[in-house]
Amino acid sequence: MNFRFNWIWPFTIAGCLIPLLWLVFDIAYDNLGSNPIQALHIRLGDWALRFLCITLAVTPIQTFTKWRGMSDYRQLFGLYAFFYASLHVLGYLLADHYLEWQVIGIDIIESSYIWFGVLAYFIVFLLAMTTSKWAKKRLGKSWKKLHRFIYIAVCAAIIHYFWQLKGNLAEPLFYLLVIFFLLGFRALTWLKNRQPNENTG
Amino acid sequence: MIVKSQNDIPASEITDPLIFKQRRRIIKAMLATTIAGVGTSAVADDKSIGTNLPKGDFSGELLTPSPANLIKNYTNYYEFAFNKEDSTTLAQSLRIDPWSVEISGEVEKPGTYALEDVLRQQTLKEHIYRFRCVEAWSMVIPWVGFSLRDLLKSVKPLSTARFVKFTSVYQPEAMPRQRANAMLDWPYVEGLRIDEAMHPLTLLAVGMYGDFLPKQNGAPLRLVVPWKYGFKSIKAIVKIELLKTPPTTSWNKFSPGEYGFYANVNPSVAHPRWSQYSERQLGSGFFTPRRRTELFNGYGEQVASLYTDMDLRHFY
Ligand code: HEM
């Protein structure tokens with residue numbers, strides 16, 4: 001099965017923009033509640049995290065379904081994670097702080113939950129910058145190693161989520177569980193590959 | 001030892017709306033006398049307390065109240081829900097009529113007082129105060145209330161009274177998070193040092209925006225301590241105790257490293273997980289910088305003297 005050249009591809013590209021359109025609509029119609037700026041952070045942060053999870057879900061799905069050629073989708077979702085994370089950061093710098101760098105500096109230094117967000121964003125940024133075929137060729141073997149840092153990014157993101165929490169545990173616990181399974185799958189694969197004798201039979 | 005508060009409220013055959021109306025009539029009548037001369041327009045209808053109230057001494061002349069609809073839909077009321085929007089809907093099932101307040105401990109005249117009787121003794125004024133939440137958002141609220149000190153004086157505190165403990169209502173049948181025993185130890189408890197409680201800035205509020213308090217905002221009676229983080233301003237008070245020793249307060253008990261007994265607004269003492277240097281004012285739009293948080297939320301001139309010689313970093 002080849003996903004690249006069928007109708008699913010353009011629909012996926014467009015579909016991933018729905019959360020943004022929905023957000024723009026809610027801003028235009030003043031639907032974001034009493035603290036719209038916080039609501040903006042939550043919306044964009046949630047979607048950045050969701051796309052990280054979706055990106056990490058591609059490989060397990062490929063393994064279980066034996067579908068081929070999903071790596072383009074993995075790249076696409078990863079880029080959307082970068083896209084929503086970038087909007088999240090821009091929302092923080094521009095919509096919230098209006099580029100008041102002194103306040104931003106103090107806020108970041110004093111808010112430990114943001115450190116984890118910055119770590120996550122730094123990694124996602126690096127991965128997005130090295131996503132092209134050209135970069136992949138140039139980096140050779142280290143490309144794969146570098147792109148495994150997405151595991152650290154998603155862990156940093158979930159810590160960032162928990163660390164800013166004031167009340168409701170249920171939602172971040174849900175994502176923690178999802179991430180546990182997604183990374184657990186990698187751990188199992190890794191263990192399997194270490195003992196080829198037992199599993200090739 | 002906390003006595004469940006609903007035991008203090010005698011069961012009544014009178015239906016709730018009737019009592020509610022009666023409380024409104026009492027307040028109307030009181031206001032008619034306090035603002036006689038200003039005009040009677042404020043007391044003409046039964047729907048609001050009135051907009052012609054005299055202003056409290058510390059009411060900020062230059063403060064513009066935040067839009068009321070924002071404040072009514074953005075309350076931390078963990079007895080109902082852990083998110084601010086659901087609390088608004090869920091709080092409507094709270095029973096607030098009849099309501100009485102038990103005052104006990106180190107006082108000459110302990111007793112359980114019907115809210116109407118408390119109000120009859122007090123002068124309601126409008127107090128426009130800043131309100132700063134520990135979560136780094138803020139608003140400006142025109143409270144309707146009276147000084148806590150006036151109530152405390154009327155029950156004659158003994159010289160042994162050093163702290164004041166406040167207890168919120170325990171109504172698990174109306175409060176889902178209380179029913180589930182979730183997060184905090186219920187009922188909610190807050191406390192002040194006696195000099196903080198006797199400070200003229202400290203209010204007991206029964207209304208805001210010229211009307212009675214909405215249930216989600218702490219009806220029918222709440223504390224307002226404008227120089228402290230919002231969680232100190234306990235809602236739906238049923239008990240006030242004057243004590244010799246500091247009470248254990250709810251958030252402090254839940255997470256002592258994050259929420260101190262004092263909880264004075266202070267931009268230079270960060271919460272362990274986030275900065276308190278700036279705040280987002282409700283009603284301010286996108287692309288507006290945050291407000292820089294002021295020490296004691298801008299009430300330093302009035303209250304800083306309460307804390308001289310105290311290390312505010314240690315006593316956060
Ligand atoms: C890949 C990077 C990041 C991801 C996946 C991410 C994800 C999230 C998530 C899931 C939330 C919580 C949303 C909720 O409550 O439902 C959040 C909140 C937030 N994030 Fe991020 N974040 C990232 C990077 C950053 C960075 C770099 C900053 C700032 C420089 C930042 C600032 C914030 C702020 C201010 C909040 C709101 C906290 C509040 O509600 O008070 N994030 N983020």
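Colleague: How far is the polar side-chain atom of Asp46(A) from an oxygen atom of the ligand?
Modeller: In this predicted model, that distance is 2.9 Å.

Colleague: And what about His88(A), which ligand atom does its polar side-chain atom lie 2.7 Å from?
Modeller: A nitrogen atom of the ligand. There's also Gln164(A), with a side-chain N or O atom 3.3 Å from a ligand oxygen.

Colleague: Which residues come nearest to the ligand?
Modeller: Out of 22 residues around it, the nearest are Asp46(A), His88(A), His160(A), Tyr161(A) and Lys166(A).

Colleague: Which helix gives the largest share of that shell?
Modeller: H3(A), with seven residues. H3, H4, H6 and H9 of chain A each put in at least two. By class, the shell has 13 nonpolar, seven polar and two charged residues.

Colleague: OK, switching to the two chains. How much area do chain A and chain B bury between them?
Modeller: About 2,500 Å², with 54% of it on carbon and sulfur atoms. Ser34(A), Glu110(A) and Lys166(A) supply 27% of what chain A buries against chain B, more than any other three residues.

Colleague: How many residues does each chain bring to the contact?
Modeller: Chain A brings 30 and chain B brings 31.

Colleague: How many salt bridges are there across the interface?
Modeller: Four. One pairs the side chains of Asp107(A) and Arg290(B), at 3.8 Å from N to O. Polar contacts between the chains come to 17 residue pairs.

Colleague: Which helix gives the most to chain A's side?
Modeller: H5(A), with five residues. The side of chain A that touches chain B has 15 nonpolar, 10 polar and five charged residues.

Methods. Residues are numbered from 1 along each chain as its sequence is written. Chains are lettered from A and ligands numbered from 1 in the order in which they are written. This is a predicted model: local features need pLDDT of at least 70, side-chain atom pairs count only at pLDDT 80 or more; totals for chains, interfaces and linings use all residues. Side-chain values use heavy atoms; hydrogens and water are left out. Contact means heavy atoms within 4.5 Å. Buried area is the accessible area (1.4 Å probe) that two parts lose on being put together, summed over both. A polar contact is a pair of N or O atoms within 3.5 Å; within protein, one must be able to donate a hydrogen and the other to accept it, and residues adjacent in sequence count only if both atoms are side-chain atoms. Helices (H or I, at least four residues) and strands (E, at least two) are DSSP runs, numbered from the N terminus. Ala, Val, Leu, Ile, Met, Phe, Trp, Tyr, Cys and Pro count as nonpolar, Asp, Glu, Lys and Arg as charged, and the others, Gly among them, as polar. A residue is near a molecule or strand if one of its heavy atoms lies within 4 Å of it.
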